[in-house]
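Me: I have a structure open and would like to go through a few of its residues with you. Can we take them one at a time?

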Amino acid sequence: MAASVLNKIEYLVLLVAAFATQSKISESEAYRYLSRYGALALCDKHYGIMHTLSLEENLQTLRDYCHRKGGTL
């Protein structure tokens with residue numbers, strides 16, 4: 001697997017884990033929530049920009065994005 005793909009996977013795993021911790025839910029619940037509201041697809045599409053921003057900034061972006069799509073966490 002190419003290094004760029006591995007980097008993206010590692011970053012997505014980091015975001016899911018951090019979102020889970022911040023939301024006080026399990027990582028599997030965080031994954032399902034972020035997937036359901038399209039936030040993981042957003043991260044995949046905009047990885048080139050997102051990985052240069054702070055983790056806190058990205059977590060807030062994910063939370064806001066999910067809220068706009070109907071999420072309640």
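Me: Where is Ser26 found?
Reply: Ser26 lies in the loop between α1 and α2, where helices are DSSP runs of H or I with at least four residues, numbered from the N terminus. This is a predicted model, in which local features need pLDDT of at least 70 and side-chain atom pairs count only at pLDDT 80 or more, while totals for chains, interfaces and linings use all residues. Residues are numbered from 1 along each chain as its sequence is written, and side-chain values use heavy atoms, with hydrogens and water left out.

Me: Why does Ser26 count as partly exposed?
Reply: Ser26 counts as partly exposed because its relative accessibility is 31%; buried means under 20% relative accessible area, exposed means over 50%, and partly exposed is in between, with a 1.4 Å probe and protein chains only.

Me: And which side chain does the side chain of Ser26 join in a polar contact?
Reply: That of Ser28, at 3.2 Å.
A polar contact is a pair of N or O atoms within 3.5 Å; within protein, one must be able to donate a hydrogen and the other to accept it, and residues adjacent in sequence count only if both atoms are side-chain atoms.

Me: What about Lys24, is it buried or exposed?
Reply: Lys24 counts as exposed because its relative accessibility is 76%, and Lys24 also sits in the loop between α1 (3–23) and α2 (27–36).

Me: New topic: which helix holds Arg63?
Reply: Arg63 is in helix α5, residues 55–68, and its side chain makes a polar contact of 2.9 Å with the side chain of Gln22.

Key. Helices (H or I, at least four residues) and strands (E, at least two) are DSSP runs, numbered from the N terminus.
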